[in-house]
Amino acid sequence: MTRAIKRMPVAGFRASVALGLAIFLVAVGSTAGIAAWTASASKSASVTSARVAVSSTGLANLAVVYKPGLPGPASASLADVATVSVSNTGTAPLSYSLATSGGDSAFNQSVTLQVWRGTGCTTSTAVPTGTATGTLAAPPALPADANSAAAGASLSLCMRTSVTGPVGYAGGGQSSPTVSVVGAVGDNWTAAASAAFTQSAGFNWFELRHKSSGKCLDVNGGGTPAAGAGIIIYTCKSPQTALGNQSFRFAQDANGAYRVYPGSGSPANTLVWAQTGAGTAVRLAAVSTADAQQWTVVAFGATGEYRVMSRTGSLCLTQSSNAEAGAVTAAACAANSTATNAAYLAQRFTFTEIAS
Amino acid sequence: MSRRTAAHRAQHPRFTLRSLGTSAAALLAAIVLSVSAAGGTYAYLSSAQSVTLTGAGATTATITAGTATLTVGTEAITLAGLYPGETRTTPVAVGNSGTTALALSLDGITGPTSANGLTAAVAPGSCPGTAPGVTAGPLGLALPAGATGTVCLAIGMATSAPAAAQNSSSTVTIALTGTQS
């Protein structure tokens, strides 16, 4: 059987092609292109940044010479207090901290530093409870009421440095550190107010005046002393100087007694008073651990009068003749009895500290 | 005419006037459809053109297109003494004085650099902004025609600002765009 195939008319075919094209064009051309209105505007702000600056006064007042003192004749001076004013002179608020640099590291580590907020500070001002403690090598954190300041604000601090004696007292050492109050905001903005000062461990130098004669203890011969030089009484020099031959310092031993060093040209002399028994002259000898070189200072007589006793027994520094250049001896200590007793008069001395 | 010739004509008919007319009509219809369906191209012109109609009942008509105009407040913004870690905010008035609603976006901010340590962002609404500030992009703020609004400009200084950024002056500029919505 043969199937008849019916052909589409040519005209109809062409119309179909045209219609398909039309649909294609419609499909392609009907994609919407949308253009919306826009409007623009801008706004500017002028910005000026702050600056940081700090000033301070009073830091340099931490300069001090620590002195061990001598119970009775002179008080110890093992602390110093300065009132320090810190001002934020910039235009940004700042957080404060302390920093130190320079100086002798060992000395710096031996000096305690405490800081609190206060005014009119003195060495007798009580340190507030809870005050942080640092050293000149590692300063403490500032207290919460003093560790920040608004722009333009000022605050007053009490700064106290101290050493302990006699163990921590090196004697003769010194340091010149720089202490800074550092103000900071952000990671990189800092300003500091700094001051350098010198602290040293000094000595109390004394003139010892013989009460009976009014003359002064003196290293016989003056100049650079030598072992064996006698201690005599001699007309007092005026003014006295710390390193003169009528100047003496008392260095405390761990047992509480003192060795007595003459000034005599150097604070580092290694000769000390030594006695060799009752009735013998007191002379200079090379320092040693001998008890015969150790003395104590004891109040004796009127207020402000003392006698110097040997640690080894009942021997006292004595000068009975009152003669110029008369030798000073170690003799039995007199009773603290009457003002007319010769022995009593011969063993009394007054101590006057010599400026150094 | 031979049978061979007739058969040849049947396989290759000649174009007739009728068939051409049919094709032309289809093509015309396609074009009309294309044009009419291809709507959606909108062009808004802000210019005006008068059109005069002549003849009986002649008159003159003016056709005015809408406008899109974005304004910002004219008040000066001055921030003095900015320091690391600090951020300050200030409101900026914006207005749509055109005739079509606008959606605001922030094109960008100029001025902050690593050298001056400044930072800046813009948030919609009064300060403090109710939304996190952006440094570019849509602000989520639509202004109807004739309406005003506020955006919050926040300018800060990074804690890492260099020391050299102290005591210096900078200008921070925000560029806003309103898009017909």
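Me: Which residue stands opposite Leu94(A) in β8(A)?

Reply: Strands are DSSP runs of E with at least two residues, helices are runs of H or I with at least four residues, and both are numbered from the N terminus. Two strands pair if DSSP finds at least two bridges between them. In this case, Leu94(A) stands opposite Ala149(A) in β8(A). Strand β5 (residues 94-101) of chain A and β8(A) run antiparallel and are joined by 2 bridges.

Me: What should I know about the numbering and the origin of the model?

Reply: This is a predicted model, in which local features need pLDDT of at least 70 and side-chain atom pairs count only at pLDDT 80 or more, while totals for chains, interfaces and linings use all residues. Residues are numbered from 1 along each chain as its sequence is written, and chains are lettered from A and ligands numbered from 1 in the order in which they are written.

Me: In what order do the strands of the open sheet of 4 strands in chain A stand?

Reply: The order is β8-β5-β11-β12 (chain A), with antiparallel pairing. At the edges stand β8 (148-149) and β12 (189-196) of chain A; each has a single partner strand, so one side of each lacks a neighbour in the sheet.

Me: Which strands make up the open sheet of 5 strands in chain A?

Reply: That sheet has the order β2-β4-β9-β6-β7 (chain A), and its pairing is antiparallel. Its edge strands, β2 (54-57) and β7 (133-135) of chain A, each pair on one side only. Within it, strand β6 (residues 112-117) of chain A is joined by 6 bridges to strand β9 (residues 154-162) of chain A. There, Thr112(A) has Ser162(A) in β9(A) as its bridge partner.

Me: How many residues lie between β17(A) and β18(A) in their hairpin?

Reply: The hairpin has 5 residues between the two strands, and Gly256(A) in the turn has a positive phi of about 95°. Strand β18 (residues 258-262) of chain A pairs with β17(A) in the antiparallel sense over 5 bridges. Phe250(A) stands opposite Val260(A) in β18(A). On β17 (residues 248-252) of chain A, strand β14 (residues 205-210) of chain A also pairs in the antiparallel sense, over 2 bridges.

Me: Is Ala76(B) buried or exposed?

Reply: A residue is buried if 20 or more other C-beta atoms, placed from the backbone, lie within 10 Å of its own, exposed if 12 or fewer, and partly exposed in between. Ala76(B) is exposed, because it has 8 other C-beta atoms within 10 Å. It is found in the loop between β3 (70-72) and β4 (77-82) of chain B. In chain A, buried residues make up 39% of the 356 residues.

Me: Which residues touch the most other members of the largest nonpolar core?

Reply: In soluble globular proteins, nonpolar side chains tend to be buried together. A nonpolar core is a set of buried Ala, Val, Leu, Ile, Met, Phe, Trp, Tyr and Cys residues joined through C-beta atoms within 7 Å. The largest core here has 69 residues, and those that touch the most other members include Val86(A), Val115(A) and Val122(B). A second, separate core of 45 residues includes Ile232(A) and Phe351(A).

Me: How far apart do the C-alpha centres of domain 1 and domain 2 of chain A lie?

Reply: Domain bounds come from an automatic or database domain assignment. Here the assignment gives domain 1 (54-201) and domain 2 (205-354) of chain A, and their C-alpha centres lie 39 Å apart.
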